[in-house]
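The entries run from the whole chain down to single side chains.

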Amino acid sequence: MVDANQVAELRRFIEQLKSNPSILHDPSLIFFKEYLRSLGAQVPKIEQTERDYEERAETKPSFSPKHDDDDDDIMESDVELDNSDLVEPDNEPPQPMGDPTAEVTDDNRDEAQLEKSKAMEAISDGKFDEGIEYLTKAVMLNPTSAILYATRATVFLKVKKPNAAIRDANVALQFNPDSAKGYKSRGMARAMLGQWEDAAADLHVASKLDYDEEIGTMLKKVEPNAKRIEEHRRKYQRLRKEKELQRAERERRQQQEAQEREAQAALNDGQVISIHSTGELEAKTKAAKKASRLLILYFTATWCGPCRYMSPLYSNLATQHPRVVFLKVDIDEANDVAASWNISSVPTFCFIRDGKEVDKVVGADKGSLEQKIAQHSSSK
């Protein structure tokens, strides 16, 4: 009779597969994918996006590179890994650990050694659970012995409990950072879980501390997977860097375009803009420069007869040349502006391109004004 809870879990898993078939490409499900193929099923080849990796960040083996939420369109290729010897993670409650603050007497050490001897005898007879029980008693008697934790870790490996082995190895390495057995057992446990890069790092340290053939054999399996993941990560980082550069360039263009639109909106095409201060003139000059516009600065006064003749013409020219910026300054109202331009007579027309004066017309010379507007407005 099939357990009802297991059926419910299977149903939920199938529904999840329907909504996201890329889950089948997770390395931890390779056994299931191969089973489906053995039944004649076709497993779709689905590219994995960064979002796929993010959603499966908790499901090792393999790896999950860091990424930003807005990088979902970076496509990642599948990493072909040898996951043939992976085991299901053991999710049992943590095994008993000794109290590291407890006082350990010589009698405690002797008793712990006796329990360890019993454990070794049980292990040699293939009684691994019994061996773990003896080693646990030894750990409780001598809770600061790195070798006891490392030894129990090796037995947890034999019964396919890699998480328990990792917990023991971590404690062993806390008490003895140079424990070759600690690094070896943790590396092999991580390999069982498909944590290839961490496994390779631990096994390399173990091989330097105390090399043996078992470490060498495991490295031959672990290193190719770790290298494939590293190559894959470099490819991902390169794609991400390229995308960041593209995004930066796109943002720069968008910002430039926005500034140009803002500048153009402030230039009042086809109209004469009155300037009342140096600050206003600087703002319009910068806007004209950003928009690559010719700017004409017309100095006038209410008491000037020739100015009254030129002003209507100037307004008409503004209508005829909407891509040219036409400014007007009353020298009595904005005498600071007139002083900064050394205006000694009116009307005066200054032609400005890219923030610099390129020409000038002094006096009510309609022909010269029209000629220079035509000349400079078409020069760029």
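Below are my entries, in the order in which I made them.

**Ground rules.** I am working with a predicted model, in which local features need pLDDT of at least 70 and side-chain atom pairs count only at pLDDT 80 or more, while totals for chains, interfaces and linings use all residues. Residues are numbered from 1 along each chain as its sequence is written, and side-chain values use heavy atoms, with hydrogens and water left out.

**The whole chain.** I looked up the secondary structure and found 14 helices and 7 strands in the protein chain; these are DSSP runs numbered from the N terminus, with helices (H or I) of at least four residues and strands (E) of at least two. Of the 380 residues in the protein chain, 42% are buried, where buried means under 20% relative accessible area, exposed means over 50%, and partly exposed lies in between (1.4 Å probe, protein chains only). Among contacts in the protein chain with a separation of 6 or more, 65% are between residues 24 or more positions apart, a contact being heavy atoms within 4.5 Å. The accessible surface of the protein chain is about 21500 Å², and carbon and sulfur atoms hold 48% of that surface; the areas come from the Shrake-Rupley method with a 1.4 Å probe, and for residues only the protein chains shown count as cover.

**Helix 11.** Which residues of helix 11 are buried? They are Leu281, Lys284, Thr285, Ala287 and Ala288. Seen down the axis of helix 11, these buried residues fall within an arc of 165 degrees, so they line one face of the helix; the arc is that of the directions from the helix axis to the C-beta atoms. An α-helix has 3.6 residues a turn, so residues three or four places apart point the same way. After helix 11 comes Ser292, which has a positive phi near 55 degrees.

**Arg152 and Asp168.** Arg152 sits in helix 6 (residues 146–158) and is buried, with a relative accessible area of 0%. Leaving aside neighbours within four places in sequence, I find Arg152 in contact with several residues, among them Gln95, Pro96, Met97 and Asp168. The side chain of Arg152 also reaches the backbone oxygen of Pro96 at 3.0 Å. Asp168, in helix 7 (residues 162–175), is likewise buried, with a relative accessible area of 0%. Not counting residues up to four places away in sequence, Asp168 touches Gln95, Met97, Tyr149, Arg152, Ala153 and Phe156. The side chains of Asp168 and Gln95 are joined by a polar contact of 3.2 Å, meaning a pair of N or O atoms within 3.5 Å, where within protein one must be able to donate a hydrogen and the other to accept it, and residues adjacent in sequence count only if both atoms are side-chain atoms.

**Arg233.** Is Arg233 buried or exposed? Arg233, which belongs to helix 10 (residues 213–265), is buried, with a relative accessible area of 17%. A polar contact of 2.6 Å links its side chain to that of Glu197.

**Cysteines.** I noted that Cys304 is buried at a relative accessible area of 4%, and that Cys350 is buried at 0%. The structure holds 0 disulfides, taken as pairs of cysteine sulfur atoms within 2.5 Å.
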